[in-house]
Amino acid sequence: MLSYQELVTRAIGVLPMAYAPYSRFSVGAALQDTRGRVFLGCNVENASYGATLCAERAALAAAVAAGSRDFAALAVVSSGPGVCLPCGLCRQVLAEFTPGLTILCAEPNGAFQVYTLAELLPHRFALRA
Ligand code: THU
């Protein structure tokens, strides 16, 4: 398993791949599963703005497509300034698989804050109570 700092470094490493010509706000994400595999994602914007894909959901989709559904930690970083917190939509989508996920919210310089998804998204939507 990578250390938290190493996972943050992986998220920073994918930042240059972000496709963000409209917002100029790049986001990188690195999602580690419980077996130690790491999946990367970046935001992918579109001229039809609502079709934009966030970095966190891009990483999650790559993981699920590879057969991974149990996650240990997610690192997310933006071009800044400050730490990047996942949007509400991404919080809900991540909670589908790992409600207690550890989330590392990082700055481009590698400093980060540690949260759990449960604290970022209390009372998430579920089809059944
Ligand atoms: N974005 C993400 O990639 N993740 C988030 O959690 C919030 C926002 C992206 C979407 C868009 O390309 C840009 O950041 C500005 O909203």
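In which sense do β3 and strand β4 pair, and over how many bridges? Here are my notes on this one.

1. First, the ground rules. This is a predicted model, where local features need pLDDT of at least 70, side-chain atom pairs count only at pLDDT 80 or more, and totals for chains, interfaces and linings use all residues. Residues are numbered from 1 along each chain as its sequence is written, and side-chain values use heavy atoms, leaving out hydrogens and water.

2. To the opening question: β3 and β4 (residues 102-106) pair in the parallel sense over five bridges, with A73 opposite T102 in β4. From β3 the chain passes through helix α3 (residues 88-95) to β4, a right-handed β-α-β crossover (with the strands pointing away from the viewer, the path from the first strand over the helix to the second runs clockwise). Strands (E, at least two residues) and helices (H or I, at least four) are DSSP runs, numbered from the N terminus.

3. Strand β1 (residues 27-33) pairs with β3 too, in the antiparallel sense over seven bridges; A30 has A75 as its bridge partner there. Pairing takes at least two DSSP bridges between two strands.

4. Because seven of its eight residues are buried, β3 (residues 71-78) is largely enclosed by the rest of the structure. Buried means under 20% relative accessible area (1.4 Å probe, protein chains only).

5. Do look at L101: beyond its neighbours within four places in sequence, L101 is in contact with residues including L31, F71, L74, L94 and L117. Contact means heavy atoms within 4.5 Å.

Note on methods. Buried means under 20% relative accessible area, exposed over 50%, partly exposed in between (1.4 Å probe, protein chains only).
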